[in-house]
Amino acid sequence: MTAGPVPVFRFGVSQIVQDADWPGIAREAERLGYDTLATTDHLGMTAPFPSLVAAAAATERIEVATYLTNTALWDPEVLAREIAGTDRLTGGRLCVGLHAGQTGSTATASLTAADKRKRLAETVDVLDRLLTDPAHLPRPFRTPRPRLMIGAGEPEELELAARRADTVCFLGAELPPGGGFVLIGPEEFAAQVAGVRARAAELGRSPELNTGVKKVVVTDDRRAAAERLRPALAPHLTTDQLLDLPSVLIGTHEEIAGQIRRGHERYALTSYMVLAAHLHDFAPVIPLLRKG
């Protein structure tokens, strides 16, 4: 039997701490072989777009991204200006991640979850229109526009991502109002991916598929580590289910590489975003998956 093509994986690191050393972490992520450095979008933390400009200025090739922009906080036209300006200042290295958001500002506190999902869809429409319009100023560096990533977990978000996203970010979790997350099981994760892939195929699309890694644990005993981790991270899942999740990576570096390969076979994932806290723990996995 002829082996299929070797998947081309992309790996990013997301920094979520306040007052991060953006130039420093960007240089280190680039040195370690990561493809993307991302920032979140929360009130009380450094604004995302200036952080990404600082990161890009200190590096040569690494992509910068929002993971994920909270569209409940932004007027879409103002967001289009920030995206275009940041893309120009980073030399076309920007990827824009979007999500309906869990939290809001004082002005948006009354928005329901349905309101936020509606605003997400409207924001995608406005950004696609303005950023591809030659008459809109400022113009982004990249043509026709920077890549759009949509974070999805709810049915409406998954449908929107299948139709419009260049990269679909599967959240892999339910997001209670106010923050935090509850991991979904591998069966539900697989069903979400299958639904998005089928819907995108109907439309003649094949977006990149991504997930955010909630935990990286380097260990010689995968099962024992998962059993220790499960009560705090996912008490509603079995140990086997936790070990089967693409968003929780446990084992030796070689075992984690194997887990990612299995994730590609089962879910078609080729893009992973790890937390900056796991920057060095995960880095040795990258060359293992790029040997061909």
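**The whole chain**

Among contacts (heavy atoms within 4.5 Å) between residues at least 6 apart in sequence, 73% join residues at least 24 apart. Before going on, note that this is a predicted model: local features need pLDDT of at least 70, side-chain atom pairs count only at pLDDT 80 or more, and totals for chains, interfaces and linings use all residues. Residues are numbered from 1 along each chain as its sequence is written, and side-chain values use heavy atoms, with hydrogens and water left out.

Show the cartoon. You will find 11 helices and 12 strands. These are DSSP runs, numbered from the N terminus: helices are H or I with at least four residues, strands are E with at least two.

Now show C-alpha atoms. Along the principal axes, they fill a box of roughly 55 × 45 × 40 Å. The radius of gyration, taken over C-alpha atoms, is 19 Å, which agrees with the value near 19 Å for a compact globule of 292 residues. The globule rule is 2.2 Å times the number of residues to the power 0.38.

How much of the chain is buried? Buried residues make up 53% of the 292. Buried means under 20% relative accessible area, exposed over 50%, and partly exposed in between, with a 1.4 Å probe and protein chains only.

**Select residues 208-212**

This is strand S9. Five of its five residues are buried, so the strand is largely enclosed by the rest of the structure. Glu208, Asn210 and Gly212 point one way from S9. Leu209 and Thr211 point the other way.

Select residues 167-170, strand S6. S6 and S9 run parallel, joined by four bridges. Two strands pair if DSSP finds at least two bridges between them. Look at Cys169: it stands opposite Asn210 in S9.

Next, select residues 271-275, strand S12. Three bridges join S12 to S9, and these two strands also run parallel. Which residue in S12 is the bridge partner of Thr211? It is Tyr272.

**Jump to Gly92**

Gly92 lies in the loop between helix H3 (76-89) and strand S4 (94-99). Is Gly92 buried or exposed? Gly92 is buried, with a relative accessible area of 12%. Leaving out residues up to four places away in sequence, Gly92 touches Asp87, Phe141 and Arg142.

Finish with a distance. Pick the C-alpha atoms of Gly92 and Arg145: they are separated by 9.0 Å. Along the chain, these residues are 53 apart.
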